[in-house]
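This report goes through one protein structure, part by part. Look over the sequence and the model before reading on.

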Amino acid sequence: MKVVVENLTGTLFYVQVGDKGTVADLKREIEVQQKLPYDRLIFILDTDDHDHHRCHLIKDDVDGVLLVDYGVQDGSHVYMFVNPLDDGSTDHPFELNWFDSVLG
(Lines give C-alpha, C1' and ligand atoms only; values in the text may rest on other atoms or scores of the structure.)
Protein backbone atom coordinates (compact mmCIF):
# COMPACT_ATOMS: atom_id res chain seq x y z
CA MET A 1 0.00 0.00 0.00
CA LYS A 2 1.08 3.58 -0.60
CA VAL A 3 0.84 5.91 2.41
CA VAL A 4 0.89 9.70 2.16
CA VAL A 5 3.16 11.12 4.86
CA GLU A 6 3.20 14.79 5.85
CA ASN A 7 5.88 16.34 8.03
CA LEU A 8 5.62 19.45 10.23
CA THR A 9 6.62 21.76 7.39
CA GLY A 10 3.71 20.49 5.30
CA THR A 11 5.91 18.56 2.89
CA LEU A 12 4.22 15.45 1.52
CA PHE A 13 5.98 12.30 0.44
CA TYR A 14 4.86 8.78 -0.30
CA VAL A 15 5.96 5.56 1.33
CA GLN A 16 5.27 2.11 -0.06
CA VAL A 17 4.76 -0.68 2.49
CA GLY A 18 3.29 -4.13 2.15
CA ASP A 19 -0.40 -4.76 2.77
CA LYS A 20 0.66 -6.54 5.96
CA GLY A 21 3.14 -3.80 6.87
CA THR A 22 3.73 -2.87 10.49
CA VAL A 23 4.52 0.45 12.15
CA ALA A 24 8.14 -0.72 12.26
CA ASP A 25 8.06 -1.30 8.48
CA LEU A 26 6.78 2.24 7.90
CA LYS A 27 9.47 3.67 10.17
CA ARG A 28 12.21 1.69 8.40
CA GLU A 29 11.07 2.93 5.00
CA ILE A 30 11.03 6.55 6.19
CA GLU A 31 14.41 6.16 7.86
CA VAL A 32 15.90 4.99 4.55
CA GLN A 33 14.00 7.37 2.28
CA GLN A 34 14.15 10.56 4.37
CA LYS A 35 17.28 9.87 6.47
CA LEU A 36 15.37 10.34 9.73
CA PRO A 37 16.00 8.48 12.99
CA TYR A 38 13.75 5.40 13.26
CA ASP A 39 13.47 5.55 17.05
CA ARG A 40 12.26 9.17 17.12
CA LEU A 41 9.42 8.96 14.57
CA ILE A 42 5.84 9.53 15.76
CA PHE A 43 2.76 9.13 13.57
CA ILE A 44 -0.78 10.47 13.70
CA LEU A 45 -3.35 8.96 11.33
CA ASP A 46 -5.83 11.36 9.74
CA THR A 47 -9.17 9.55 9.72
CA ASP A 48 -11.29 12.32 8.23
CA ASP A 49 -14.69 10.78 7.50
CA HIS A 50 -16.09 13.99 5.91
CA ASP A 51 -18.47 14.50 8.87
CA HIS A 52 -15.86 14.58 11.63
CA HIS A 53 -12.13 15.27 11.54
CA ARG A 54 -10.38 12.71 13.73
CA CYS A 55 -6.75 11.91 14.28
CA HIS A 56 -5.35 8.86 16.01
CA LEU A 57 -1.91 8.27 17.47
CA ILE A 58 -0.26 5.25 15.89
CA LYS A 59 1.58 3.52 18.70
CA ASP A 60 4.51 1.28 17.97
CA ASP A 61 5.12 -0.14 21.42
CA VAL A 62 3.49 -3.46 20.50
CA ASP A 63 5.52 -5.69 18.20
CA GLY A 64 3.87 -6.95 15.07
CA VAL A 65 0.79 -4.72 15.06
CA LEU A 66 -0.22 -4.16 11.45
CA LEU A 67 -0.84 -0.70 10.04
CA VAL A 68 -4.29 -1.88 8.91
CA ASP A 69 -5.10 -2.61 12.58
CA TYR A 70 -4.81 1.15 13.14
CA GLY A 71 -7.00 1.88 10.12
CA VAL A 72 -4.17 2.67 7.71
CA GLN A 73 -5.02 1.72 4.15
CA ASP A 74 -3.81 2.49 0.67
CA GLY A 75 -3.81 6.27 0.27
CA SER A 76 -4.09 7.03 4.00
CA HIS A 77 -2.71 10.38 5.19
CA VAL A 78 -0.30 10.11 8.11
CA TYR A 79 1.25 13.07 9.92
CA MET A 80 4.85 12.49 10.96
CA PHE A 81 6.63 14.11 13.87
CA VAL A 82 10.20 13.69 15.03
CA ASN A 83 10.52 13.40 18.78
CA PRO A 84 13.19 15.89 19.94
CA LEU A 85 16.27 14.62 21.69
CA ASP A 86 16.01 14.74 25.45
CA ASP A 87 18.89 16.92 26.54
CA GLY A 88 17.74 16.94 30.18
CA SER A 89 16.76 20.59 29.92
CA THR A 90 13.43 21.83 31.23
CA ASP A 91 13.82 25.15 29.42
CA HIS A 92 12.06 24.77 26.07
CA PRO A 93 11.58 27.83 23.83
CA PHE A 94 8.23 26.57 22.56
CA GLU A 95 5.80 23.76 23.05
CA LEU A 96 4.20 22.08 20.07
CA ASN A 97 0.50 21.48 20.24
CA TRP A 98 -0.05 18.92 17.51
CA PHE A 99 -3.77 19.72 17.37
CA ASP A 100 -2.86 23.24 16.21
CA SER A 101 -0.41 22.02 13.57
CA VAL A 102 -2.57 19.17 12.30
CA LEU A 103 -6.00 20.71 12.52
CA GLY A 104 -5.00 24.34 12.07
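How many residues apart are Asp25 and Arg28 in helix α1, and by about how much of the helix are they separated? The model is a predicted one, and the answer can be found in it. Asp25 and Arg28 are 3 residues apart in α1, which means that about one helical turn separates them.

## The salt bridge

Asp25 and Arg28 form a salt bridge, and their closest N and O atoms are 2.7 Å apart. The structure holds 1 salt bridge.

Are the two partners buried or exposed, or in between? Asp25 has a relative accessibility of 24%, so it counts as partly exposed. Arg28 has a relative accessibility of 41%, so Arg28 also counts as partly exposed. The limits behind these labels are under 20% for buried and over 50% for exposed.

## Overall layout

The protein contains 2 helices and 5 strands. Along the sequence they follow the pattern β-β-α-β-β-β-α.

The protein has 104 residues, and 29% of them are buried. Its accessible surface is about 7,000 Å², with 49% of that belonging to carbon and sulfur atoms. Among contacts with a separation of 6 or more, 53% are between residues 24 or more positions apart.

## The sheet

The 5 strands form an open sheet in the order β2-β1-β5-β3-β4, with mixed pairing. At the edges are β2 and β4 (55-58), each of which pairs on one side only. Neighbouring strands are turned by 35° against each other on average, direction ignored. Helix α1 lies across β1, β2, β3, β4 and β5, and runs at about 125° to β2.

Two of the pairings can be followed by residue. β1 and β2 run antiparallel and are joined by 5 bridges; Val3 has Val15 in β2 as its bridge partner. These two strands form a hairpin with 5 residues between them, and Gly10 in the turn has a positive phi of about 90°. β3 and β4 also pair in the antiparallel sense, over 4 bridges, and Asp46 stands opposite Cys55 in β4.

## The two faces of β2

Which residues of β2 lie on its covered face, and which on its uncovered one? Phe13 and Val15 are on the covered face, whereas Leu12, Tyr14 and Gln16 are on the uncovered face.

In soluble globular proteins, nonpolar side chains tend to be buried together. The largest nonpolar core here has 17 residues, of which Ile30 and Phe43 touch the most other members. At least two residues of this core come from each of β1 (2-6), β2 (12-16), α1 (23-34), β3 (41-46) and β5 (77-82).

Which residues does Phe43 touch, not counting those up to four places away in sequence? They are Val23, Leu26, Lys27, Ile30, His56, Leu57, Ile58, Val78, Tyr79 and Met80.

## Ile58

Neighbours within four places in sequence aside, Ile58 is in contact with Val23, Phe43, Leu45, Tyr70, Val72 and Val78. Ile58 and Val78 are 20 residues apart along the chain, and 9.2 Å separates their C-alpha atoms.

Definitions and conventions: Residues are numbered from 1 along each chain as its sequence is written. This is a predicted model: local features need pLDDT of at least 70, side-chain atom pairs count only at pLDDT 80 or more; totals for chains, interfaces and linings use all residues. Side-chain values use heavy atoms; hydrogens and water are left out. Buried means under 20% relative accessible area, exposed over 50%, partly exposed in between (1.4 Å probe, protein chains only). Contact means heavy atoms within 4.5 Å. Accessible areas come from the Shrake-Rupley method with a 1.4 Å probe; for residues, only the protein chains shown count as cover. A nonpolar core is a set of buried Ala, Val, Leu, Ile, Met, Phe, Trp, Tyr and Cys residues joined through side-chain atoms within 4.5 Å. Two strands pair if DSSP finds at least two bridges between them. Axes are lines fitted to C-alpha atoms, for helices over the stretch in contact, and angles run from 0 to 180 degrees between N-to-C directions. A salt bridge is a side-chain nitrogen of Lys or Arg within 4 Å of a carboxyl oxygen of Asp or Glu.
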